[in-house]
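Have the sequence and the model open as you read.

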Amino acid sequence: MRSLALRVAGSAASRAVVRRRRALTEAAHPAAGDVLRYLSRGEAVRAGLRTLLAGLEPPVAVVAHSLGGIIALDTLVLTPLPQVRLLVTAGSQAPFLYESGSLPSLEHPAPLPAHFPDWLNLYDPRDLLSYLGAGLFPGRVTDVAVDSRQPFPAAHSAYWTNPAVYRHIVDRLP
């Protein structure tokens, strides 16, 4: 009986999703499209970030959110930039992409290169797009939870309204 109920519920859910496919795709497209475009054609973005960072005097802290964290991580893995002493990511999918073998700059299970800066990874437990890195890169990443008390998806954009985020960044500045 339970098996039949699950099949009926699954079938109904599938029909509902199929009917709303266009709306669901359009809702996910902007962010997902940006990530997919970066993953397939990101070198120009990394080159721009390298140029910007190369012109700065040390110590430099790079603070990045979401896709920006992926771009910053990739750039800093691929290019030694000794003036960058700290990478701060908030709501980053970089650990997930690394673990799934999708990060352009570093194939799992390779470690972060020796030249990679200190990494503070801020995540909100309610942000389903933020991932932990310390377990993947032991001793190289510090994961810190910052709870915005917002539901997902609002939690993904709430980092910059959370005073705890700024306190954690200031505490780690070189």
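## Layout

In what order do the elements of the protein run from the N terminus on? The order is α-α-α-β-α-β-α-β-β-α-α, which comes to 7 helices and 4 strands. Elements here are DSSP runs numbered from the N terminus, helices being H or I with at least four residues and strands E with at least two.

A word on provenance: this is a predicted model, where local features need pLDDT of at least 70 and side-chain atom pairs count only at pLDDT 80 or more, while totals for chains, interfaces and linings use all residues. Residues are numbered from 1 along each chain as its sequence is written, and side-chain values use heavy atoms, with hydrogens and water left out.

Of the 174 residues, 37% count as buried (under 20% relative accessible area; exposed is over 50%, partly exposed in between, with a 1.4 Å probe and protein chains only).

## Where α3 meets α4

Helices α3 (residues 43-54) and α4 (residues 67-78) have axes that come within 9 Å and cross at roughly 70°. Axes are lines fitted to C-alpha atoms over the stretch in contact, and angles run from 0 to 180 degrees between N-to-C directions. That makes the two helices roughly perpendicular (65 to 115 degrees).

On the α3 side, Val45, Arg46, Leu49, Arg50 and Leu53 meet Ile71, Ala72, Asp74, Thr75, Leu76 and Leu78 of α4; contact means heavy atoms within 4.5 Å.

## The cores

Which residues of the largest nonpolar core touch the most other members? Out of its 27 residues, they are Leu53, Leu73, Leu87, Leu112, Phe116, Trp119 and Phe137. A nonpolar core is a set of buried Ala, Val, Leu, Ile, Met, Phe, Trp, Tyr and Cys residues joined through side-chain atoms within 4.5 Å. Two or more residues come from each of α3, β1 (60-65), α4, β2 (84-90) and α5 (94-99), and α4 gives the most, with 7.

Apart from this core lies another, of 11 residues, among them Val88, Ala90, Leu122 and Val146.

Most residues other than glycine have a negative phi, and most peptide bonds are trans. The bond from His108 to Pro109 is cis, with omega near 15°, and so is the one joining Phe152 and Pro153, with omega about 10°.

Ser66, in the loop between β1 and α4, has a positive phi near 55° and counts as buried at 14% relative accessibility. Arg149 also has a positive phi, about 65°, but is exposed at 63%.

Notes. Angles under 35 degrees count as roughly parallel, over 145 as roughly antiparallel, 65 to 115 as roughly perpendicular and the rest as oblique.
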